[in-house]
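Biologist: Can you walk me through this one? I'd like to start with the helices, then go to the core.

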Amino acid sequence: MESDLRTILHRPLLSRSEPLDKDNAASRISAYVYGNILILAALIPETISRSDSRTIAVVAGTAISTFIAHAFAEGVGKSVRSGRQLTPAERFAELRDSVPVLSSAVVPIVVLGTAYFGWLEPFTAQVIAEVAILVRIASMVFVITRLRGERPSGYTLVAAAALAVVATAIVVLKVVLTH
């Protein structure tokens with residue numbers, strides 16, 4: 001058990017040396033999509049102003065709380081599927097597989113920061129941040145295609161657009177029901 005944890009801790013976070021197995025890939029893709037949808041849902045009802053860092057805090061808080069919730073939920077699910085308590089190495093692996101939730105907030109925070117420092121108009125920065133998230137969501141189709149060992153096609157573009165539309169509908173539903 002200790003050597004498993006040591007192996008995981010010493011492996012780079014974004015290692016390209018060994019491909020992900022399907023379960024880890026699926027967990028990371030789930031975290032990526034989930035994180036991006038919730039970040040977009042946090043962005044849409046906000047109104048950013050030049051001197052207000054509230055929207056940046058909302059995006060960061062959404063990413064951090066979603067990361068923790070996702071890692072916890074995935075760990076509970078894995079424990080139920082395996083019928084036993086997870087080892088520390090497996091718990092760390094769940095944290096690692098949930099990192100895409102955090103990555104979903106990076107671009108929006110940077111773009112919103114440009115408005116905070118006066119480099120972009122607040123409305124422009126917010127629209128750029130929202131569009132960036134939609135592009136990230138749509139791009140998942142290309143990642144999934146690659147993981148399947150397939151080449152992108154016209155269908156891939158249509159699926160990417162459809163995924164962006166579905167994600168937008170989910171976000172609109174969340175905003176309508178919760179704000």
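Biologist: What should the 29 residues of α3 span, and how far apart are its end C-alpha atoms?
Modeller: This is a predicted model. At 1.5 Å a residue, α3 should span 42 Å. Its end C-alpha atoms are 42 Å apart, which agrees.

Biologist: Which residues in α3 are buried?
Modeller: Among them are T55, I56, V59, T62 and A63. Further along, T66, F67, H70, A71 and G75 are buried too.

Biologist: What covers the buried residues of α3?
Modeller: The cover includes α2, α4 (88–97), α5 and α6.

Biologist: On to the core. Which residues touch the most other members of the largest nonpolar core?
Modeller: I39, L43, V59, L112, I133 and V171 do, out of 20 residues. The elements giving two or more residues are α2 (22–43), α3 (54–82), α6 (106–116), α7 (122–147) and α8 (154–178). α2 gives the most, with five.

Biologist: What does L112 touch, leaving out residues up to four places away in sequence?
Modeller: L43, I48, T55, I56, V59, A125, Q126 and A129.

Biologist: Different topic. Where does S104 lie, and is S104 buried or exposed?
Modeller: S104 sits in the loop between α5 (99–103) and α6. S104 counts as buried because its relative accessible area is 0%, and the cut-off is under 20%.

Biologist: Which residues does S104 touch, again not counting those up to four places away in sequence?
Modeller: G35, N36, I39, I133 and R136. Of these contacts, I39 and I133 also came up in the largest nonpolar core.

Technical notes: Residues are numbered from 1 along each chain as its sequence is written. This is a predicted model: local features need pLDDT of at least 70, side-chain atom pairs count only at pLDDT 80 or more; totals for chains, interfaces and linings use all residues. Side-chain values use heavy atoms; hydrogens and water are left out. A nonpolar core is a set of buried Ala, Val, Leu, Ile, Met, Phe, Trp, Tyr and Cys residues joined through side-chain atoms within 4.5 Å. Buried means under 20% relative accessible area, exposed over 50%, partly exposed in between (1.4 Å probe, protein chains only). Helices (H or I, at least four residues) and strands (E, at least two) are DSSP runs, numbered from the N terminus. Contact means heavy atoms within 4.5 Å. The expected span of a helix is 1.5 Å times one less than its number of residues.
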